[in-house]
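Let's take a walk through this protein together, one piece at a time. Keep the picture open while you read.

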Amino acid sequence: MAPHDIRRPFKRAAISDQQKRRELSLQRQAQNRNEAQLQARRLASSILSLPNHNSESQHLEPVELVPEPIVEEPETDAGDITDIDIRQAAKLKGPEARRWFASQLMLPEWMIDVPDRLDHDWYVFARPSGKRCFVVSSNGTTISRLRNGSLLHRFPSSLPNGARTREGSRSAQSYCILDCIFHELDQTYYVIDMVCWAGISFYECTAEFRFFWMNSKLVESGACEDPSTYHRYRFSLIPVYNCDHEGLQTAYTGQVPYAKDGLLFYNKHAHYQTGNTPLALVWKDETCSEYVIDTDNKGQIPNQQQVVLEIQENGELVTSDDPPVVLGCLNTGFIQETGLNIGNLVRFAVSEGGLTFMNGKVEKADLQYIGKVHRARAFADSYSKIVFQYMVRHSPLRIEDLFASMGTSSEQRGNEVEMVG
């Protein structure tokens, strides 16, 4: 049925507390503004100074990503590095550095329930396929780092203080931090969010304001122009739409110059908060993404869903969420027999019993032990990812469910509004 033929609002029954957490997140963000400017300034300094063996060069040629060596070192409690400040984080190396910098990006949850007021309070856009990264320009150079902290590129750019030119500002206050996806096919950084611009922090600003500012300032800077001597990579804006019927349809089926990897939904009132947030959501199906069901390291879809969980002191198996969600427990004998340790990431298969839900949470999970995860991986799976992947295999949240939750087209507040691009 076409979206405009829907005659009554419909909402699929919720299977999680995602909506409740969205409301709590909006309440909490009003209380977290005091350190925003200082956090941004220190983050720019730390990203530029984080050690990278065999990758830091003095010239302006881009440095391609080289995997950091996995050094055997004593296991540390996952909480040990979460309370340090950015100046201390600059001294971290290897797995600890990757773990800390991974917490600096705002990570969308997977959409497992349709948000309330989707057509009024949310934006939608097609997510580019590629490498998620922070791009920081400061002190006459530009650096991009992946979400695990590894260096992706060092290069000159037209971003504020992003290249050593006569016109470039040398003030330590003039820096820029962008949240991007690097699309390898066209060697372009697609900007999905603006964290700081010319030393001004936008952590405490709404997505509505950040997108407006990003749309005006990025083009004005010349960063969207073709590569040149002092501008190694092209940056590009992404068309962002009000998530009404027309906007959702355009994001879902419209043509874009990059390979799509699902849809991203941003709450218009959301601030930029680090870590997982229910105020940004990712959703996929076969129409808008090549990979909907997770594949193994050979690119094949396993017969059973696989999940990665972290072992805590009492043997509980938890997700990467804050607070973590418990999905199982290992007894002491099994832990000793398999040589596992507290803090290890362990892979499981979801067996025939599957996941059992009660009052919006997983009450029971039928998990089968596969083995320990490679040390290069920093985090367990999030709860929303596990549930989304389970839903895809059994009862997927379809695009029709998103359209049906909006009601009739006559109830929309207005036409599609393209914010950037």
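Start with strand 3, residues 131-138: seven of its eight residues are buried, so the strand is mostly covered. Keep in mind that what you're looking at is a predicted model.

Which strands pair with strand 3? One is strand 6 (residues 176-183), which runs antiparallel to strand 3 and is joined to it by seven bridges. Here arginine 132 has isoleucine 181 of strand 6 as its bridge partner. The other is strand 4 (residues 141-146), also antiparallel, with six bridges to strand 3. Across that pairing, phenylalanine 134 stands opposite arginine 145. As a bit of background, side chains in a regular strand alternate between the two faces of the sheet.

Strands 3 and 4 make a hairpin with two residues between the strands. Asparagine 139 sits in that loop, and its phi is positive, about 55°, even though it isn't a glycine.

Look for alanine 198 in the loop between strand 7 (188-197) and strand 8 (200-201). With a relative accessible area of 37%, alanine 198 is partly exposed. Further along, aspartate 322 and proline 323 are joined by a cis peptide bond, with omega at about 0°. Proline 323 belongs to the loop between strand 14 (316-318) and strand 15 (326-329).

## The nonpolar core

Now for the inside. The largest nonpolar core has 95 residues, and Leu178, Phe265 and Trp283 touch the most other members. Strand 7 gives the most to this core, with eight residues.

Who does leucine 178 meet, once you skip its neighbours within four places in sequence? Its contacts include Cys133, Phe134 and Val135, along with Val191, Met194 and Trp197. Leu159, Leu218 and Phe235 are among its contacts too.

## Helix 9

Helix 9 covers residues 383-394, twelve in all. From its first C-alpha to its last it reaches 17 Å, close to the expected 16 Å. Why call helix 9 largely enclosed by the rest of the structure? Because nine of its twelve residues are buried. Among them are Tyr383, Ile386, Phe388 and Met391, and Ser384 and Gln389 are buried as well.

## Rings that meet

There are 21 aromatic pairs in the structure. One of them is phenylalanine 202 with phenylalanine 209, a tilted pair at 5.9 Å centre to centre and 45° between the planes. Phenylalanine 202 counts as buried at 3% relative accessibility, whereas phenylalanine 209 is partly exposed, with a relative accessible area of 34%.

Another pair is tyrosine 203 and tyrosine 272, with ring centres 5.8 Å apart and planes at 85°, so this one is edge-to-face. Tyrosine 203 lies in the loop between strand 8 and helix 6 (207-221), and tyrosine 272 in the loop between strand 11 (260-267) and strand 12 (275-283), so the pair ties together parts that are 69 residues apart in sequence. Both tyrosine 203 and tyrosine 272 are buried.

Finally, look for a gathering of rings: Phe155, Phe182, Tyr189, Tyr233 and Phe235 form one aromatic cluster. You've already met Phe235, as a contact of leucine 178.

How values were computed:
Residues numbered from 1 in each chain as written. Predicted model: local features only at pLDDT ≥ 70, side-chain atom pairs only at ≥ 80, totals over all residues. Heavy atoms only, no water. Buried < 20%, exposed > 50% of the residue type's maximum accessible area, 1.4 Å probe, protein only. Helix = DSSP H or I, 4+ residues; strand = E, 2+ residues; numbered from the N terminus. Pairing = 2+ DSSP bridges. Expected span 1.5 Å × (residues − 1). Core = buried A, V, L, I, M, F, W, Y, C linked by side-chain atoms within 4.5 Å. Contact = heavy atoms within 4.5 Å. Phe/Tyr/Trp six-rings, centres within 6.5 Å; stacked < 30°, edge-to-face > 60°.
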